[in-house]
Structures are given as C-alpha cells and as structure tokens.
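This report looks at a predicted model. It takes up the aromatic rings, then the surroundings of the ligand, and then the pockets.

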Amino acid sequence: MYFPTEEERKDLTRGLLPKAREMTVAEELRGWSWNAPPLEPIYDIKLALYEVANYYCPTARDLYMKRVMDIDTKPNVAMLYGRVLHDSLASLIIAAKRAIYIEGVNHASEALEGLRRPDYSSLDKVPQHLTQEELEELKSRVAVVWRHQLNTIISQVDTVLAKQPRIGVDSLVSLSIPVSVEHNLDGSFLGLSSHLSTDAYRFYETTILDIKFGEPKDFHRLTTAGYALAMESLYEYTINLGCIIYARFENGRLLVDKDYHLIDDELRQWFIEARDEKMRMVSEEIDPGMPEECYESCPYQGHCSR
Ligand code: SF4
C-alpha cells in the first residue's frame, strides 16, 4: 500500500517527478520561512494538524465545539477503524525492518514469512463502544491489510536481493522498505502541535504519505501540505510531493487508489488560510455556525444546534 506499483513508478518518473523538480515555490511559502508572513502564526495557540486540515464539517464547527465549548465526543466508527488500520500497518513496517536487521540478509525472506500472523494489538486500544460485529469486521480488515502489505514487502525484498548479491543489511532495509512511519515532527514554528506524526516515502524525492480509509475529499491534500511545511520548517530541505493513499474494502477485498500530487503554492496557501481561519475562530471564540448539511457520522450530532 505504501509502495508505488510498477505503473505508478513509471507515471511518477515521467510525470510528477519532473514537474516537482521544475516547480518553483514562492520562498515565503516554504516551511523555513516560518518567521515571516504569511507563514508566521498570527495567534499564540497550537492546533493539531488534523484540526487545520479536516473539513468534514464544512464550517469547522466541530473544532469550535471542541476547543471553545470544550465538548469532546467519542470518535465515530470510521475514525476508529482508520486509526487501528494505520497503527497495524505502522507496526508491520517496523516489525519487518526489525526482522531483517535481526536475521540478516541471508535469512531476510524467512524472517518476513515469520510475520504472517497479524499483530492485533492495536485493537486493544479501541474503546468499548464498538459492537462485537464491528470489532470482528475490524479484525478481518486488519488481517487483509496486513497480508497485502506483507506480501508487497516480501516481493520488494526478493527483488532487491535478486539484483544485489553483495548487499548489506542496512542497504537492504532502506532499498526495500523506504518508508518512515510515524515520523515525529515539531510543528510549533507554524503554530501546530509539537507532536505531529507522519509517514514518508523516499523515492527520488521525499514524498509525504497519508492513508485514508474513507471517501476521497479535496481537503485531504491539506494534510500532506501541512506535514510538508512542518518538515521544511525543521529540516530546511524542499518537500514537493504528497500522496494520499485511499484504501477501501469491497466484499472482503482491499482496493487501493493513490492521489499523488504536487505541494505547490496554491495548496500551501490554502493550508495557511485554513490555519489562520481556524486559529482566529478558536482565539476569538467565533461560532462559525452550522453548514446547510451535516455529515451523517459526525460525532457532534446531538451536541450542535442552530
Ligand atoms: S453536527 Fe453538523 S455543525 Fe456540528 S460539527 Fe457536526 S457537521 Fe458540524
């Protein structure tokens, strides 16, 4: 899921990668320009990145309810599923790297075969309010995602081993599993939480990854833009590419679509405007009002009223 398929690699090398190299981004919209407008935060508060990037509620009243009215709610089923599935994937990536390091190049494939049984420990963190049926469904999705990702890792390792007879263990890990999961970032230069966490893939260019287990939304790209800005603010190198990985399940099958995109001026500007608008809403306690239509699974249903 994390890794580009052969077709995606071809598309990237002929399409977005050259564009990313040619793209010019205004200097004031690079993360390292955090100490001057427009990136300099205008209010002295910190927002989580998802608080800036989420527009499931079109007026962002969920943020107002949480941060101004101090009303917290239980996450909905889709949020819980997403969290557990992402945690399982992250633990597989870490377990796979660890297994190769421990067993070494000559036993890497067998070591990975030893990970066939999924790690269900992320299910332990699920709060009590899921039904038994929802838990069973979630468990089966963890198994599907685990198998899919492990098969890809094994295939990548075998491909690298077949090409590189004298490869060392560190090189094998970095060439076959070129992903950092839950990369911690301090977003405070940009008025964001100091405990951000993202996934990133190294394929010629560092690409910010975000996995969504739900319907595609245009605002999802705000997440990759936010992480790119935070990374640039810390490390002072350019991040030009993002990818939202959409995973969905149909009749027990995992279907994956990817939205590779440039993190260009327009997207950066959109992220900054969203951050400023939401900071203002929280700092000045401005009720944004309700949208014409609320989304069905909003956890604030029953708390919001006109
Ligand atoms: S109930 Fe409606 S207005 Fe309130 S947060 Fe949810 S979507 Fe927004």
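## Aromatic pairs

A residue counts as buried when its relative accessible area is under 20%, as exposed when that area is over 50%, and as partly exposed in between. Tyr55, with a relative accessible area of 15%, is therefore buried, and Phe219 is buried as well, at 6%. Tyr56, by contrast, has a relative accessibility of 31% and so counts as partly exposed.

The model holds six aromatic pairs. In one of them, the ring centres of Tyr55 and Phe219 lie 6.4 Å apart with their planes at 70°, so this pair is edge-to-face. Because Tyr55 sits in the loop between H2 and H3 while Phe219 sits in the loop between S3 and H8, the pair ties together parts that are 164 residues apart in sequence. Tyr56 and Tyr295 form another pair, which is tilted, with 5.9 Å from centre to centre and 45° between the planes. Here the loop between H2 and H3, which holds Tyr56, is linked to Tyr295 in the segment after helix H9 (265-283), and the two residues are 239 apart. Through ring pairs, Tyr55, Tyr56, Phe219 and Tyr295 join into a cluster.

## Around the ligand

The residues that surround the ligand are Cys57, Arg61, Asp62, Met290, Pro291, Cys294, Tyr295, Cys298, Tyr300, Gln301 and Cys304. By class, this shell consists of eight nonpolar residues, one polar residue and two charged residues.

The lining of the largest pocket divides into 19 nonpolar, 12 polar and 16 charged residues.

The second largest pocket holds about 580 Å³ of space. It is lined by 24 residues, of which Pro4, Arg9, Gln156, Leu175 and Tyr201 are the closest to its centre. Helix H1 (6-22), helix H7 (169-176) and strand S5 (253-262) are among the elements that give two or more residues to this lining, and H6 gives the most, with seven residues. By class, the lining of the second largest pocket has nine nonpolar, eight polar and seven charged residues.

Notes
Residues numbered from 1 in each chain as written. Predicted model: local features only at pLDDT ≥ 70, side-chain atom pairs only at ≥ 80, totals over all residues. Heavy atoms only, no water. Nonpolar A, V, L, I, M, F, W, Y, C, P; charged D, E, K, R; others polar. 1 Å grid on protein atoms, 1.4 Å probe; cavity = no way out; pocket = protein on both sides within 12 Å on 5 of 7 lines; lining within 4 Å. Points joined across faces, edges and corners; volume = space filled by probe spheres on them. Helix = DSSP H or I, 4+ residues; strand = E, 2+ residues; numbered from the N terminus. Near = heavy atom within 4 Å. Phe/Tyr/Trp six-rings, centres within 6.5 Å; stacked < 30°, edge-to-face > 60°. Buried < 20%, exposed > 50% of the residue type's maximum accessible area, 1.4 Å probe, protein only.
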